[in-house]
Amino acid sequence: AIFIGSLGYFNRLNMAKSNVYRLEEVHVTNTPRGLGLLKVFYDSLLTPTFAHCPEHMDELSVLEESIGIQSDPDTPDRLYVTLLVDADDNVCGGVLYELYGRSFSGLLSYVVVAPHLRGRGLGKQLLSTAVNYLRELCPKHTGKELEAVFLETEKSSAEEQNEKIVTTRLHLFKALGYRLLNLDYIQPSLGPEKPSAKNLVLLVYVPPPPEEKPTLSPHTLSAFLTEYALSCSSCDGQTCERQAKMLQRVRAAALKNEPWPLLDPVRALEPQFSS
């Protein structure tokens, strides 16, 4: 689930008039440096960001294992991590994203920027980089073009001081072309004894043909939701039942072969804060 994002340009970026940060874009691979940077990112940025909702997080061991099988040609689901690192190997931000090969789709899992660098456009740039990389990877590994990129995000905040953050995030996603799926979304459980997150919605970016409004095929949505659920570790009975009902609705729409409704995320969700 994506909670924090806000960015700009990374390489040799002048972040402030009195301070120049030289940020390297690092695609994490199964090497000592790569896994070391991943652990730093996980411990220093990801874990504090999700301290209020640990059920939204994968375990570090799961991420490390996924990085280890990244190059396996028989692996349909691949995890990728892009980090922003300064000259001293300090991790300043990062994005985790997944390619789901059977549905020709991507999932933006997490994006976090160091607190002292937020508000400078780095989150936006990380999200764009992830999408561009997924568009390169999908044909390479599947032989077909990327059909959609999904992301989960909070639809509201129980804490009044965080409502502005949620609203800002929705405006960011809208500006990047993401639309809200008109769907009673149920996230799969991310591990044993981890409850399914209940406060999430699903957004999607569909690479549009020139001069056309993006539409999402219900077949793509159904394939992604099925593949995503199968990739997760476990599912309690109640969550599985709710997911089954969600998939049943999507599959019924697929039989009609009608595009899935896509909504403006700001218009659809922002009024919740004033109610």
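Visitor: Which residues lie nearest the centre of the largest pocket?

Guide: This is a predicted model, in which local features need pLDDT of at least 70, side-chain atom pairs count only at pLDDT 80 or more, and totals for chains, interfaces and linings use all residues. Residues are numbered from 1 along each chain as its sequence is written, and side-chain values use heavy atoms, with hydrogens and water left out. On a 1 Å grid over the protein atoms alone, a pocket is an open set of points with protein on both sides within 12 Å along at least five of seven lines, and lining residues have an atom within 4 Å of a point. Of the 27 residues that line the largest pocket, those nearest its centre are Val62, Ser66, Glu98, Tyr100 and Ser231.

Visitor: How many charged residues does the lining of the largest pocket have?

Guide: Asp, Glu, Lys and Arg count as charged; Ala, Val, Leu, Ile, Met, Phe, Trp, Tyr, Cys and Pro as nonpolar; and the others, Gly among them, as polar. The lining has 13 nonpolar and 8 polar residues, and the charged ones number 6.

Visitor: What is the volume of the largest cavity?

Guide: A cavity is a set of grid points where a 1.4 Å probe fits but cannot get out. Points are joined across faces, edges and corners, and a volume is the space filled by probe spheres set on them. The count comes to 1 cavity of 30 Å³ or more. The largest cavity has a volume of about 40 Å³.

Visitor: Which element gives the most to the lining of the largest cavity?

Guide: Helices (H or I, at least four residues) and strands (E, at least two) are DSSP runs, numbered from the N terminus. The cavity lining consists of Ile186, Pro188, Leu225, Tyr228, Ala229, Gln243 and Met246. Two or more of these residues come from each of helix H5 (218-231) and helix H6 (237-256). The most, 3 residues, come from H5.

Visitor: How far does helix H3 reach from its first C-alpha to its last?

Guide: The expected span of a helix is 1.5 Å times one less than its number of residues. H3 (residues 122-142) has 21 residues, and its reach is close to the expected 30 Å, at 30 Å.

Visitor: Is Glu136 buried or exposed?

Guide: Glu136 lies in helix H3, whose buried residues include Leu134 and Leu137. Buried means under 20% relative accessible area, exposed over 50%, and partly exposed in between (1.4 Å probe, protein chains only). Because its relative accessible area is 56%, Glu136 is exposed.
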